[in-house]
Amino acid sequence: MPVPCTFSCSRNAALKRPKTGAAICKECFFRAFEDEVHKTITDAKLFERGDFVAIAASGGKDSTVLASVLRTLNERHNYGLKLVLLSIDEGITGYRDDSLETVKRNRDQYGIPLKILSYEELYGWTMDSIVQQVGRKNNCTFCGVFRRQALDRGAGLLGVDKIATGHNADDMAETVVMNILRGDIARLQRCTAITTGSEGMISRVKPFKYAYEKEIVLYAYHKRLDYFSTECIYSPNAYRGHARAYIKDLERIRPSAIVAIIHAGEQLSAEENVKLPSQRLCSRCKYISSQELCKACVLLEGLNKGLPKLGIGKSSKAKRVLPSLLQASPMSNESLM
Ligand code: SF4
């Protein structure tokens with residue numbers, strides 16, 4: 001028997017909201033989802049009128065829904081934002097080349113310009129060539145560090161005010177759990193922030209901080225958005241995979257567990273006498289770092305010198321080895337520009 005929509009709109013429910021369990025029709029679900037993102041944006045004052053905002057676009061569900069919802073909210077609430085899609089091509093054949101085709105279609109569907117920047121042009125390496133050299137164990141360390149900096153570089157080239165990323169509530173809850181298990185108090189302090197990177201760098205904002213992954217998938221599915229859903233061919237990230245499975249198990253028992261973990265992460269703080277690493281600019285590339293040389297420069301130096309393990313694991317190892325390497329042959333600035 002048909003169940004009426006919770007919002008008393010006279011339509012029948014078409015789905016059950018993962019976040020609340022409410023029976024709801026598609027139209028009311030779209031509106032409720034968009035209104036919640038709007039509330040997140042306005043409560044946290046993520047944007048200012050006239051901001052030029054780069055949407056970090058991978059072609060996956062999160063960034064595709066983000067582009068669609070930001071475009072809708074920008075028009076509906078007259079935010080006055082200028083939007084651009086910014087994609088990073090890691091150089092993963094059979095994965096990123098296909099997903100970038102999706103982003104190109106999104107560019108045309110949403111009428112938002114697109115800028116693509118590749119690891120090859122920034123670092124002289126593709127992920128395919130990095131995996132050939134480092135194997136399948138630490139490849140995501142290279143990829144994650146390079147992508148983070150590549151987004152900053154792309155944003156700098158475009159001259160945007162902010163970068164909006166599609167990180168959702170599940171991602172954030174996973175990161176909280178991972179940082180607790182690692183005892184990484186510095187990252188734990190940063191990972192629940194809705195705005196990061198404002199210390200001298202272009203800020204990153206997370207409009208989906210409270211949006212559940214399952215709701216993003218439902219939104220994309222019922223809106224028939226064009227997104228890419230294949231997993232990366234180099235995806236061995238077992239540690240995050242376990243954290244993800246744990247969060248999904250908790251969600252099955254109690255959906256509010258996801259937001260509860262985020263709130264718990266926000267409440268945890270270091271005692272005053274605990275020294276946290278300060279953020280500064282890398283002495284080589286001038287991008288954000290907690291050490292004299294940023295992780296991207298150390299990893300790149302290791303690749304270029306045939307020492308791919310340099311920068312993996314304890315930073316003291318890099319500190320020991322790098323000065324002699326740099327003296328012997330200074331890092332090429334061209335590869336860092
Ligand atoms: Fe990069 Fe690893 Fe993600 Fe693949 S799974 S895109 S290699 S970080």
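**Overall fold and local features of the predicted model**

Of the 337 residues of the protein, 49% count as buried (buried means under 20% relative accessible area, exposed over 50%, and partly exposed in between, with a 1.4 Å probe and protein chains only). The model is predicted, so local features need pLDDT of at least 70 and side-chain atom pairs count only at pLDDT 80 or more, whereas totals for chains, interfaces and linings use all residues. Residues are numbered from 1 along each chain as its sequence is written, and side-chain values use heavy atoms, with hydrogens and water left out.

The secondary structure comprises 13 helices and ten strands. These are DSSP runs numbered from the N terminus (helices, H or I, at least four residues; strands, E, at least two). Among contacts between residues at least 6 apart in sequence, 70% join residues at least 24 apart; contact means heavy atoms within 4.5 Å. The protein exposes about 16800 Å², of which carbon and sulfur atoms supply 52% (Shrake-Rupley method, 1.4 Å probe; for residues, only the protein chains shown count as cover).

Helix H2 (residues 61-76) packs with helix H3 (residues 96-110). Their axes come within 11 Å and cross at roughly 10 degrees. Axes are lines fitted to C-alpha atoms, for helices over the stretch in contact, and angles run from 0 to 180 degrees between N-to-C directions. H2 is therefore roughly parallel to H3 (under 35 degrees; over 145 is roughly antiparallel, 65 to 115 roughly perpendicular, the rest oblique). H2 contributes Thr 64, Ala 67, Ser 68 and Arg 71 to the contact, and H3 contributes Asn 106, Gln 109 and Tyr 110. These residues divide into two nonpolar, four polar and one charged. Ala, Val, Leu, Ile, Met, Phe, Trp, Tyr, Cys and Pro count as nonpolar, Asp, Glu, Lys and Arg as charged, and the others, Gly among them, as polar.

Helix H12 (residues 295-304) is largely enclosed by the rest of the structure, because eight of its ten residues are buried. Among them are Cys 297, Leu 300 and Glu 301. Gly 306 follows H12 and has a positive phi, near 70 degrees.

The ligand is surrounded by Ile 92, Asn 139, Cys 140, Cys 143, Arg 147, Cys 232, Tyr 234 and Ser 235, each with a heavy atom within 4 Å of the molecule. This shell divides into five nonpolar, two polar and one charged residue.

Positive phi also occurs outside glycine. Ser 10 has a phi near 80 degrees and is found in the segment before strand E1 (15-16). At 75% relative accessibility, Ser 10 counts as exposed. Arg 224 has a phi of about 55 degrees and lies in the loop between helix H9 (213-222) and helix H10 (238-253). Arg 224 counts as exposed at 73% relative accessibility.
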